[in-house]
Amino acid sequence: MSRKVIVADNAGFCYGVKRAITLAERASKSHKSVYTLGPIIHNPQEVNRLASIGVKSSDILPEDKNATLIIRSHGISPEDELFLRNAFSNVIDATCPYVKAVHEAVSTLAKEGYFVVIVGEKDHPEVKGTVGYLEQEGGEYAIINSIEDLDNIEASKIGVVAQTTQNEHFFEGVVLKLLRKAKDLRVINTICNATNERQSDIYRLAPNVDVMIIIGGKSSGNTRRLYEISKSLNPHSYHIETKEEIPLDWLENVSSIGLSAGASTPDWIIEDVKNFIESLP
Ligand code: SF4
C-alpha cells in the first residue's frame, strides 16, 4: 500500500520563534558568554543545537555580570526585566511582539479599571510575565483555564485577553459566558496569527487523514493544544518530539498521514519525521 504524507501548510517555527533564534545566533557570534534564562523555546532538540553554538540555557542567573542575557520569546515581567538590566551590562530582548501586545492590552485594561480575565495556563512563563504588567498597574485579575473557573468571578466590568497560543474555540466559549456575566465587557483577542493558522490547518487536515502526527516539545503549550484539537477530530492522533517515538504499528494499513508541528518545532525535525515515514517499506 502506498502511503501519502501531507504536511500542514503552517507547521513549525513561527515569526516570534524565528526572531528569537536569529537574535540568539547573532549574539553567539559577537559575544563570548551568552545565556537564556530557561530554554529559549520549548523544544529540547533546538535548545541543544543552540547550546552547541554557545547559547546556554540556565535556570539560575549566571555569576558573570558581563554575560549577555537573552529574554525569551515568552517575555518576562517588567520587574524582572528591570532587575536584569540593572544586574547585567548586556540584555537582549527577544520577547515576541505578539506577547508585547498582550502586555500592552492588560496594562490598558487595568488602567481603565477593568477586572482582567486572562485565558491561559497560570504556570506558563508568558502568563507569568503578563501578570507582572497587571500587577504593575495594580489591576485585579483572574487566570482561567476552564469555563467553570468563571463561576468565581463577581466583577461586572471585565476585560478579557488570551495567552497568545490559546485554543480559539475555548476563548470564544469564555467570551460567550462572560457576556452573560458582565455589564461592561471588553474583548481583546490576543491569540497570535501563527496560532490561528496552525489550529485552522488542524481542523482542515485531521478529519481527512488516517493518522495525524503532531511534532513538538512535550512541554510546548501550543503543540499540546494542536494535539488536543487533532485528537478531538481524529482518534488516531499522536504527539511526538522526534521520529524515534513512532512505533511501526501506528502506520500499519494506513494510506494517509497528516503532519503538523508546534510553533517551536524546527523545520529540520519536521523533515526528519517526514523522511522517516516515507522511507518505511
Ligand atoms: S506562537 Fe505567536 S506569540 Fe508565540 S512566539 Fe510565535 S508568533 Fe509569537
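**View 1. Asparagine 253 sits in the loop between β11 (237-240) and β12 (256-261).** Helices and strands here are DSSP runs (helices are H or I with at least four residues, strands are E with at least two), numbered from the N terminus. Phi of asparagine 253 is near 55°, a positive value in a residue other than glycine. Asparagine 253 is exposed, with 7 other C-beta atoms within 10 Å. A residue is called buried if 20 or more other C-beta atoms lie within 10 Å of its own, exposed if 12 or fewer, and partly exposed in between, with C-beta atoms placed from the backbone. The model is predicted: local features need pLDDT of at least 70 and side-chain atom pairs count only at pLDDT 80 or more, while totals for chains, interfaces and linings use all residues. Residues are numbered from 1 along each chain as its sequence is written.

View 2. The domain bounds come from an automatic or database assignment.

**View 3. The largest nonpolar core has 48 residues.** Such a core is a set of buried Ala, Val, Leu, Ile, Met, Phe, Trp, Tyr and Cys residues joined through C-beta atoms within 7 Å. Ala24, Ile70, Val106, Val116, Val117, Val119 and Val161 touch the most other members. With seven residues, α4 gives the most to this core. Domain 2 (15-97) and domain 3 (107-191) each supply at least three residues to this core. A second, separate core of 20 residues includes Ala206, Val211, Ile257 and Ile270.

**View 4. Valine 161 is in contact with Val102, Ala105, Val106, Val116, Ile118, Ile188 and Thr190, leaving aside its neighbours within four places in sequence.** Contact means that the C-beta atoms of two residues, placed from the backbone, lie within 7 Å. In the protein chain, 77% of the contacts with a separation of 6 or more are between residues 24 or more positions apart.
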